[in-house]
Amino acid sequence: MRPRNLGDAASLGKWVVCCGWPYVNVNPHLGTLTQLLSADIYARYLRAKGEDVLFVSGSDEHGAPIEVEALKRKIPPRQLASQNHQLIKRLLKAFKIDFDNYTRTESPVHKKFVRDFYARVEQNGYVHSQTVVLPYCENDKRFLPDRFIEGECPYCHYPGARGDQCDNCGRLLEPTDLINSHCVICGQKPVLKESRHWFFDLPKLSRKLAAYIEGNANLPENARNFSMSWIREGLKPRSLTRDISWGIPAPFAGAEGKTLYVWMEAVLGYVSATKEWCEKSGHPALWKAYWQEPGSRNIHFIGKDNITFHTIIFPGLLEAAEQGYQLPWQVSSTEYVLFEGQKFSKSRGIGILMEEAIELEDSEYWRYALTSLRPEQKDANFTWEEFERKVNTELNDVVGNYVHRTLSFVQTHFGGRVPTYDRSNENYEKIAETLRRETDAVDTSFSQFRLREAIDQVVNIARSGNRFLNETEPWKTYKQSQKEAGQIVGLSVQIAGTVGVLLQPFLPITSSKILKAVAKKKQLGWNIAGTFFIKSGTRISPLDPLFHKVVSTGLRDRLTKLRSIETSEVQV
Ligand SMILES: [Zn+2]
Ligand SMILES: [Zn+2]
């Protein structure tokens, strides 16, 4: 277990940091990484501040897409899910996404939690059943929900629309909406057959949910407006069950052979993953403190297409359990990341997969570029040229160069010890004031969940450090007065130290290199940022250059080469 309470701030309470769970039929791309990364940065920030935080997630494994894919490959769904779960775990490690618990929806803790939860929700009167007419394949002897059926979209007439959605026009569909539909397993035309299904009575919670949304000042304006208009239009019961085998058996009386709809069970993983962490760490009842204790907070980093799931459906479920759950305190949604002006699409080869990205460049470069491109107000456009510009002119020239030139100067001119600096220097108060102000600005951006702005501000601190060195020119002053040059360099080291502390949530490897050099520590508490914490006389360890420059054309070529190797391997 990690050391808790690293920082020196008075703890505000318990936090659970959540992000959308990676679905195991998709090989995750940079858009997915943006969500994971946002949550990771926030969790690291809270930890550095000394908050009591759990960062949990897991692989979302059940449902028709996996069962269909497994049938096609003639392997059990669990085998397919496990393979992809392992791939995602490797990628999380490579990008330094530091979960306290990364689990999976096949975890026994999750399955039991979900069944108990829904049994309770049913007991509380929020579940009812109804007979519905659904497509059924007489050849395969099974109902055809979601991706088990394909046909023509009734709206745009795209021929390959699926039972849950049309990929061409994006509309959500019911299996019976499709024109000329067929079973995806055998291709035969289905018949219609009655089946009993269970539903979550969301409309019953309309007033409570409206009060929650209107009363939660943290929710961003767009999320609030969008959710309230949903409620005003009238909430509808949500389907809870499916006639498929790959999922969690529904706990309702008479629902034998049916499983819970994947969306409606995976979302409870936020709670069950916390519970699993608490069990593993020997405090099985502690999870309630993270989810039900007044003052505990759960916060969510998601894409904009998932807002109502986190402002209405998930809070609705928590309310229906009637166990005093704290509803989402913050739902930070982002717009889309485009790749060279287009939406990511694996089938069309648009975008970069996480596993390709890590082959091309170290995680720190991706963490930097994606955070500083985070689509907070509008869609962001990733291009190789923009990646090159950000890495070369911001990360390398500003941050890397500033820290390296300062610490190298200590090595070459002051025998590796921080020279004497004190208030007698005219720059002392000015630097102290700048550091305090800039550090406060970073905190303000974090409190508003503006991570892009926060990382820009850290770069700005390094930029002001470069400006300070260029104006004071200690390499010239040194020739007349070593003492005077020492004052400048001593102050400059303080700026580098604060940059090291503030980079911790964003660039964990870089920040730990800086902090090891100036303080012999891999991590430091957040509240030390903005102070002059590196005393005169401190021995500074030598530090290699932090970054290298990249070339956009070279990266593009290497990606093409990587893909041609992958393709030839597949053909073999
Ligand atoms: Zn369509
Ligand atoms: Zn069939």
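Four donors count as tetrahedral if all angles lie between 85 and 135 degrees; four count as square planar and six as octahedral if opposite donors are over 155 degrees apart and all others between 65 and 115, and anything else is irregular. Donors are N, O and S atoms within 2.8 Å of the metal (3.2 Å for Na, K and Ca); water is not among the atoms, so sites may look incomplete. The model is predicted: local features need pLDDT of at least 70, side-chain atom pairs count only at pLDDT 80 or more, and totals for chains, interfaces and linings use all residues. Residues are numbered from 1 along each chain as its sequence is written, chains are lettered from A and ligands numbered from 1 in the order in which they are written, and side-chain values use heavy atoms, with hydrogens and water left out.

The zinc ion (ligand 1) is held by the SG atoms of Cys153, Cys156, Cys166 and Cys169, at 2.3 Å. Its four donor atoms make angles of 105 to 118 degrees, and the site is tetrahedral. The donor residues follow the spacing C-x2-C-x9-C-x2-C. Cys156 sits in the loop between S6 and S7 and Cys166 in the loop between S7 and S8, so the pair ties together parts that are 10 residues apart in sequence. Helices (H or I, at least four residues) and strands (E, at least two) are DSSP runs, numbered from the N terminus. Cys156 is partly exposed, at 28% relative accessibility. Cys166 is buried, at 0%. Buried means under 20% relative accessible area, exposed over 50%, and partly exposed in between (1.4 Å probe, protein chains only).

The zinc ion (ligand 2) is coordinated by Cys137 (SG), Asp140 (OD), Cys183 (SG) and Cys186 (SG), at 1.9 to 2.3 Å. The angles among these four donor atoms are 102 to 118 degrees, which makes this arrangement tetrahedral. Along the chain the spacing is C-x2-D-x42-C-x2-C. Cys137 belongs to strand S4 (residues 127–137) and Cys183 to strand S8, so the pair ties together parts that are 46 residues apart in sequence. Cys137 and Cys183 are both buried.

Strand S8 also takes part in a sheet. This open sheet has three strands in the order S7-S6-S8, with antiparallel pairing. Strands S7 (161–162) and S8 (179–183) form the edges, each pairing on one side only. Two strands pair if DSSP finds at least two bridges between them. Three bridges join S6 (residues 149–152) to S8. Glu150 stands opposite His182 in S8.
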